[in-house]
Amino acid sequence: MITLSSVPDRVAAALPPGLSPLRLIAADGSADDADEMLVMPSDQVLVELLRRMIVGRRFDTQATALTRQGRLAVYPSSRGQEACQVGAVLALREQDWLFPTYRDTMAVITRSVAAAEALSLLRGEWHCGYDPYERNVAPQCTPLATHALHAVGLAYAARVKRADQVALVLLGDGATSEGDTHEALNFAAVWRAPAVFLVQNNGYAISVPLAKQTAAPALAYKGVGYGMRSLLIDGNDAAAVYAAVSSAVTRAASGDGPTLIEALTYRVAAHTNADDATRYRDSAEVDAWLDRDPLRRLETYLRGQKLVDDGDLERFGAEAERFAAEVRTAMSGDMTADPAELFAHVYAEPTRALAAQREFLFAELAGRPS
Amino acid sequence: MSNLMERAARPAGRAQPGPEQAARDTAQVTMAAALNAALADALASDPRVLIFGEDVGPLGGVFRVTDGLAARFGEGRVFDTPLAESAIIGTAIGMAMNGLVPVVEMQFDAFAYPAFEQLTSHLAKLRNRTRGRVSLPVVVRVPFGGGIGGVEHHCDSSETYYVHTAGLRVVTPGTASDAYRLLRQSIECPDPVIFLEPKRRYWSKEQLPGESGPAIGQALIRRPGTDVTLIAYGGTVATALETADAAAAEQGRDVEVVDLRSLSPFDDATVAGSVRRTGRAVVVHEASGFSGYGAEVAARLTEQCFHYLEAPILRVTGFDIPYPPPALEQYHLPGVDRILDAIGRLQWDDHA
């Protein structure tokens with residue numbers, strides 16, 4: 001029962017802490033962990049974050065190159081968002097679930113889904129390419145925000161089954177305007193579902209800047225309306241992303257409900273290889289964000305702490321090159337799409353009508369000169 | 001009602017028939033009670049089954065189809081959600097991904113439209129998108145159609161929106177007994193099922209069915225006849241049967257009535273078999289005729305039965321208008337007289 005006197009407490013409990021984004025490492029690579037809201041990850045985790053971000057960025061560059069070679073139909077780059085892509089995924093436990101969007105292929109491969117599988121859809125296949133149950137990664141979602149509801153349902157089911165599982169949803173700033181984001185946040189909060197929402201606010205929804213998307217002072221503040229704990233963080237600080245998602249996962253898993261995290265970051269590349277970002281933003285704006293590069297920031301910090309040296313960086317770079325070479329090799333062959341499969345998975349068993357259509361297509365193909 | 005609910009709420013297993021079971025086997029129940037019994041039996045026999053939606057908890061649904069279920073099975077398994085249809089379907093998808101069997105209610109036909117994207121882009125497609133890895137055994141119950149004096153947004157016949165979407169099964173019972181059977185089958189089905197409940201037949205009564213009966217995808221010949229096949233589903237099945245009686249009495253025509261039961265997939269064998277025997281067909285539905293379900297039925301039958309047809313296939317449908325207000329719905333809905341007229345308009349030269 002809500003009473004008038006309980007309203008201020010409820011509001012205070014839901015407000016994001018502080019007015020500026022939480023961070024652990026400043027843009028210049030110096031420690032900035034005065035805030036007690038976030039706990040600096042262990043040295044081992046920090047080094048791993050850097051290693052995976054280096055591999056992730058190299059993968060992203062390779063995927064973009066594959067579009068120019070005609071090996072990928074399209075690729076939405078997450079360059080500049082490596083801290084979110086890698087930090088969030090490494091904060092998950094094996095049993096947790098990741099619900100990614102089309103821009104989160106780097107997150108998907110960080111979750112150890114094979115790159116060639118993760119790129120299937122972008123290559124022009126009709127399916128998502130991987131078995132979601134192998135790494136607990138839902139298909140990359142193309143419509144905006146619809147997958148947020150799937151994550152809430154999956155998280156709720158985990159609680160029903162008394163399974164220790166948390167669902168992490170990746171969203172963009174544009175997706176927060178969709179009704180399904182609202183419904184997902186509301187359902188998750190009402191049900192206290194073990195879900196974590198990470199909004200990668202990268203400034204643009206294709207060409208539309210955030211100012212045309214919302215009048216909210218910060219997307220994190222939307223959590224207040226749902227009675228949901230929310231955090232505003234520096235999304236180019238991998239340590240902060242890891243710490244924020246880790247704490248949200250821990251809270252969710254212990255029954256303390258969902259968390260909304262807004263991570264401020266930037267989409268350095270265009271929306272996809274088919275987009276021309278110069279039509280809607282200045283290069284000065286891009287340059288300013290390049291100065292806040294998430295990889296350089298973490299590398300500078302780790303070098304300062306004597307946690308990595310030139311030898312480590314060389315090894316990470318070599319690993320990234322090997323990974324890119326593997327991706328090139330895996331993607332070099334031509335696609336072997338089987339028309340029979342078009343009918344195989346529409347229903348658990350193909351209906352008689354679909355079986356007949358499959359036979360029709362086979363007969364048509366058989367009659368055609370090859 | 002409470003006595004009825006007690007019987008209806010028995011588990012599915014019928015290993016020990018007692019006096020209570022005997023009463024269940026002979027009692028006439030309404031379609032709403034039959035649906036309630038199916039939900040209760042599914043909850044009792046399968047711990048993965050959950051029921052949720054708007055007002056389905058303590059209230060028991062606006063049509064009382066979930067009456068008593070929250071009290072019997074607890075609000076962990078039968079519960080109210082916030083008022084958001086897209087979320088009801090979207091979360092059901094996530095629950096099914098994680099091993100549960102959600103049976104959700106859209107309160108009225110037109111109130112399901114906010115869920116359209118979740119239904120068509122995800123519920124219908126996730127199996128295909130994942131090459132069969134993700135199975136979504138979700139049942140979406142939708143009270144549909146008119147005939148109850150409902151106001152705007154409460155009487156739509158929304159079936160074609162769903163049947164046009166690959167990956168969904170769409171079924172609708174015409175009788176109380178079939179409502180029980182079809183709902184149990186839908187809950188056991190590995191595919192997502194849109195379960196359309198004809199509101200105007202919620203209060204029609206029948207005995208609950210025995211163990212045997214037609215499978216989920218099969219049409220059923222409700223009344224055998226030799227002169228013409230009346231093809232109906234959901235709310236118009238009873239209208240078609242009434243018409244058949246009237247045709248026998250007034251026109252001397254022997255009308256066969258086919259209850260489609262499954263709108264998608266379509267049971268070509270049963271329906272085409274009937275039309276090949278009778279040589280004539282009239283399709284009846286409440287929904288608007290233009291691009292309506294009857295158009296698909298007429299096209300399929302023309303393709304499959306052309307050389308058996310004695311007359312063009314006719315449709316008796318609702319007009320191509322927004323669903324009319326209560327005072328005028330009688331003019332819109334296909335009734336016995338309008339169907340009899342259509343039968344009369346078929347070419348009958350060989351019967352002269």
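**Strand pairing.** I began with strand E10 (residues 228–232) of chain B, which pairs in the parallel sense with strand E13 (residues 281–288) of chain B over three bridges. Helices (H or I, at least four residues) and strands (E, at least two) are DSSP runs, numbered from the N terminus, and I call two strands paired if DSSP finds at least two bridges between them. Opposite Thr229(B) I found Ala281(B) of E13(B).

**A note on the source.** I am working with a predicted model, where local features need pLDDT of at least 70 and side-chain atom pairs count only at pLDDT 80 or more, while totals for chains, interfaces and linings use all residues. Residues are numbered from 1 along each chain as its sequence is written, with chains lettered from A and ligands numbered from 1 in the order in which they are written.

**The other partner.** E10(B) also pairs with strand E11 (residues 255–259) of chain B, in the parallel sense and over five bridges. Here Thr229(B) stands opposite Glu256(B).

**Buried or exposed?** I checked this for E10(B) next: five of its five residues are buried, so the strand is largely enclosed by the rest of the structure. Buried means 20 or more other C-beta atoms within 10 Å of the residue's own, with C-beta atoms placed from the backbone. In a regular strand the side chains alternate between the two faces of the sheet. I found Val228(B), Leu230(B) and Ala232(B) on one side, Thr229(B) and Ile231(B) on the other, and both faces covered.

**Between the chains.** I looked up the contacts (C-beta atoms, placed from the backbone, within 7 Å). On chain B, 34 residues touch 34 residues of chain A. Helix H5 (85–97), helix H6 (116–123) and helix H7 (126–129) of chain B each give two or more residues to that side, and H5(B) has the largest share, nine residues.

**Chain A overall.** I noted 16 helices and seven strands in chain A. Its radius of gyration (over C-alpha atoms) is 22 Å, close to the 21 Å from the globule rule for 370 residues, so chain A is as compact as a globular protein of that length. That rule is 2.2 Å times the number of residues to the power 0.38. Of the 370 residues, 46% count as buried.

Conventions. Two residues are in contact if their C-beta atoms, placed from the backbone, lie within 7 Å. A residue is buried if 20 or more other C-beta atoms lie within 10 Å of its own, exposed if 12 or fewer, and partly exposed in between; C-beta atoms are placed from the backbone.
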